[in-house]
Amino acid sequence: DNATEVPSMAIDLELLKNAPLFQLLDEDELRQLASQAEERSYVAGQTVFKAAEPGDEMHVVLQGRAETFVIDHDGRRVVVAECEPGDIFGELSLLDNQPRSAGVLATAPLRTCVIDRDDLLYLFTKRPAAALDVLQVLGRRIRQTDELLRQRSLRNANLVIEEQASLGDRVSDVVASFGGSWSFIISASLAILGWIALNG
């Protein structure tokens, strides 16, 4: 699961320029950041990091794709977000100095720019608006997580109701769903018209 670390000066400045977090930095500032930061590469299917690991750095996706995920109480893997070039991940642990809250998996050959606290301080000093970009990402992640939890709560509630339903309940549900459908209405209308024709 270990990444391949590329010497920091090998970071492609054009790729850095394409990341929204760095777009307002000038050429000299980009070179300074590139000289301090690291580039890492991962093959598809490789784990970047796991939940509960120490986290003192974040990643900016330069090329490729990754997904953040958690393991639920049933042992199932739940995708929280998908990351593409320009996206960042791992920012929460960098900011609050707590263990990783989710794992990250490379879903395609992946190259990232790794930012630690010193790099982030440099970035915020040169471009204070970058802090708003990080906050925007955090807000989007919170919304994604809320929506994911809402959907899973609704699905789990429906499963409980379905498991607790008796045979009679299920039969009545089927009858009700069919009885309110156009198929039932058309079939009933034809049957009534047929009955009238035969008995008229």
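The chain folds into 7 helices and 9 strands, counted from the N terminus as DSSP runs (helices are H or I with at least four residues, strands are E with at least two). Keep in mind that this is a predicted model, where local features need pLDDT of at least 70, side-chain atom pairs count only at pLDDT 80 or more, and totals for chains, interfaces and linings use all residues. Residues are numbered from 1 along each chain as its sequence is written, and side-chain values use heavy atoms, with hydrogens and water left out.

Of the 200 residues in the chain, 34% are buried, meaning under 20% relative accessible area, with exposed over 50% and partly exposed in between (1.4 Å probe, protein chains only).

Now take a look at strand β8, residues 103–106. Both of its faces are covered, with Gly103 and Leu105 buried on one side and Val104 and Ala106 buried on the other. Strands pair if DSSP finds at least two bridges between them. β8 runs antiparallel to β3 (residues 47–49), with 2 bridges, and Phe49 has Val104 as its bridge partner. β8 is also antiparallel to β5 (residues 66–71), this time through 4 bridges; here Glu67 sits opposite Leu105.

Next stop is Val61, in strand β4 (residues 57–63). Val61 counts as buried because its relative accessibility is 1%. Beyond its neighbours within four places in sequence, Val61 touches several residues, including Cys83, Pro85, Phe89, Leu110 and Thr112.

Technical notes. Contact = heavy atoms within 4.5 Å.
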